Amino acid sequence: MRGALELARRAAQMGEVPVGAVVMQQTRVLGAAHNQTVARNDPTAHAEFLALEESLAALGTDRLPLATLYVTLEPCAQCAGALVLAKIGRVVFGAADPKAGMAGSVEDLLRHPRLNHRAEVLGGVLGEECGELLRSFFEARRVV
């Protein structure tokens, strides 16, 4: 999660919403990214989605059942859907997202009983630190 936080800080410095994500399999980093929606002019360029793409390419596969995603913010519907499709084994997130979170806050797409894959989910890891980074980012933008 510390690596994901560092990526989130980098995103904030670039004017992106500070979310970072790292995909690991055992001790190997398969993919890592931060939000790039502004830089790419692409509303789908979320940290989780980009780290997932990088990870799948690194392994040359379409599934990651033995991998863990560490992300600083609870995944949204798009990212949760992609994680289910990639059959990721585990998702560890920092701050909950009461407005768009799909790992238990708004809905729980990652563990939905009607889907053919359910990831293990652990939330709140370094949650205060992750949440504070987001709060301070948006607070600074409101002042300007």
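The largest pocket has a volume of about 580 Å³, in a model that is predicted. A pocket here is an open set of points on a 1 Å grid over the protein atoms alone, where a 1.4 Å probe fits, with protein on both sides within 12 Å along at least five of seven lines; the volume is the space filled by probe spheres set on the points, which are joined across faces, edges and corners. Local features need pLDDT of at least 70 and side-chain atom pairs 80 or more, while totals for linings use all residues. Numbering runs from 1 along each chain, and side-chain values use heavy atoms, without hydrogens or water.

Lining the largest pocket (an atom within 4 Å of a point) are 22 residues, with Val17, Leu73, Asp97, Leu134 and Phe138 nearest its centre.

As for disulfides (cysteine sulfur pairs within 2.5 Å), the structure holds 0. Cys79 is in none, and the nearest cysteine sulfur, that of Cys76, sits 3.8 Å away. Cys79 is also buried, at 1% relative accessible area (buried is under 20%, exposed over 50%, partly exposed in between, with a 1.4 Å probe and protein chains only).

Two residues turn up with positive phi without being glycine. Gln26, with phi of about 60 degrees, is in the loop between strands β1 (20-25) and β2 (28-34) and is exposed at 76%. Lys87, with phi near 55 degrees, lies in the loop between α4 (77-85) and β4 (90-95) and counts as buried at 19%.

Definitions and conventions
Helices (H or I, at least four residues) and strands (E, at least two) are DSSP runs, numbered from the N terminus.
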